[in-house]
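Colleague: I'm new to this one, so please take me through it slowly. I'll keep asking how you know things.

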Amino acid sequence: MYTVRSEIYSETNYQPESSEDGRIVSKFRFRYPPPGEGVATVDTDGDLDVQRLRRGTIELEHSGATEIKLVGLQVWRGALLLADYLFSRRKELGSKTIMELGAGVGLSSIAAAIHNSGHVYCTDVNLGDILTLIRSNVQRNAQLLQGQVSVIEYDFMAPKSQLSAELLEAIDLSDVIMAADVIYDDALTDAFVAVIEHIFVRAKESGRSKCIYMALEKRYVFTLEDCDSVAPMYEHFLRQTAHKPWIVDHIPLDFPQYFEYERCPQLILMRISQRL
Ligand SMILES: C[S@@+](CC[C@H](N)C(=O)[O-])C[C@H]1O[C@@H](n2cnc3c(N)ncnc32)[C@H](O)[C@@H]1O
């Protein structure tokens, strides 16, 4: 069987331990943003205040290598980039309702609920019993969370008529939609683009506008057809969205890194909103 393995496991030591059901439990370490981050403060004597770093750990059960169909059981780099971004925007996003698509084992949703006092809807297609695993990971980290995390199935390939009432209500209540590393073949990318379209249509109907954040690691391959090194999924996504009435911005990755991982140059964070 052909398997894939997330590169982050070999770059950073997440202190993996075997779990009872043959998976791995890893520790994703982070630092909390200091209260006045970016603002130098002085004490009454005029000395610079030195703020002590407060650290935390998200502990997640996940798989090592998997077949492609079950990549959601692993943790990918985009999830950590999204988690950093959520931490850096905690003041603006802290009271928003957030929905994650293709959440994998739940890292970004859990990171969102650390600073978010509202509701986080964590969704994925239920392959490999992933929804049960996400629920158990949310429970495992409950002591870190301010907000509530609900886990709901969302299959990008499902016809709209088959989406559950619970999911549709959650979409309508959400202000922010986020996804990390969810486009890795043409059919899935097309389905994801259709999902964004559907969410924007519902946003117009419900009068609650949405902003979509999408993180991904561009994977380059050399193709004879292009005679060049290309990132086919990213380029396919840009082609499929070029004529949509959307604004696609690339967010500069100049915000702080709170989580431990390698922020490689192939990482991208996009913000997608509807043209008014
Ligand atoms: C590479 S993993 C990324 C997981 C997680 N976001 C992360 O970055 O660690 C791709 C994700 O897309 C999800 N996915 C694949 N097919 C899907 C579908 N038809 N509908 C919804 N999500 C899907 C997978 O289950 C998986 O969680």
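**Strands, core and ligand**

Colleague: Which residue in β6 is the bridge partner of Thr-123?

Modeller: In β6, Thr-123 has Ile-152 as its bridge partner. Bear in mind that this is a predicted model, where local features need pLDDT of at least 70 and side-chain atom pairs count only at pLDDT 80 or more, while totals for chains, interfaces and linings use all residues. Residues are numbered from 1 along each chain as its sequence is written.

Colleague: What makes β5 and β6 a pair?

Modeller: Two strands pair if DSSP finds at least two bridges between them. β5 and β6 (residues 148-153) have six, in the parallel sense, so they meet that definition. Strands and helices themselves are DSSP runs numbered from the N terminus: E, at least two residues, for strands, and H or I, at least four, for helices.

Colleague: How do you know that β5 is mostly covered?

Modeller: A residue is buried if 20 or more other C-beta atoms, placed from the backbone, lie within 10 Å of its own; 12 or fewer makes it exposed, and in between it is partly exposed. In β5 (residues 119-124), five of the six residues are buried.

Colleague: How many bridges join β4 to β5?

Modeller: Three, and β4 (residues 98-101) runs parallel to β5. Met-99 has Tyr-121 in β5 as its bridge partner. Helix α4 (residues 107-115) carries the chain from β4 to β5 in a right-handed β-α-β crossover.

Colleague: Why is that called right-handed?

Modeller: Because, with the strands pointing away from you, the path from the first strand over the helix to the second runs clockwise. β5, α5 (residues 130-140) and β6 also make a right-handed unit.

Colleague: Which residues touch the most other members of the largest nonpolar core?

Modeller: Among its 69 residues, they are Leu-82, Ala-83, Leu-107, Ala-111 and Tyr-213. Helix α2 (residues 77-88) gives the most to this core, eight residues. A nonpolar core is a set of buried Ala, Val, Leu, Ile, Met, Phe, Trp, Tyr and Cys residues joined through C-beta atoms within 7 Å.

Colleague: Which residues come nearest to the ligand?

Modeller: Gly-72, Trp-76, Ala-79, Gly-102 and Gly-104, out of 21 around it. Near means that the C-beta atom, placed from the backbone, lies within 6 Å.

Colleague: In what order do β1, β2 and β3 form their sheet?

Modeller: The order is β1-β2-β3, in an open, antiparallel sheet. β1 (17-18) and β3 (55-62) are the edge strands, each pairing on one side only.
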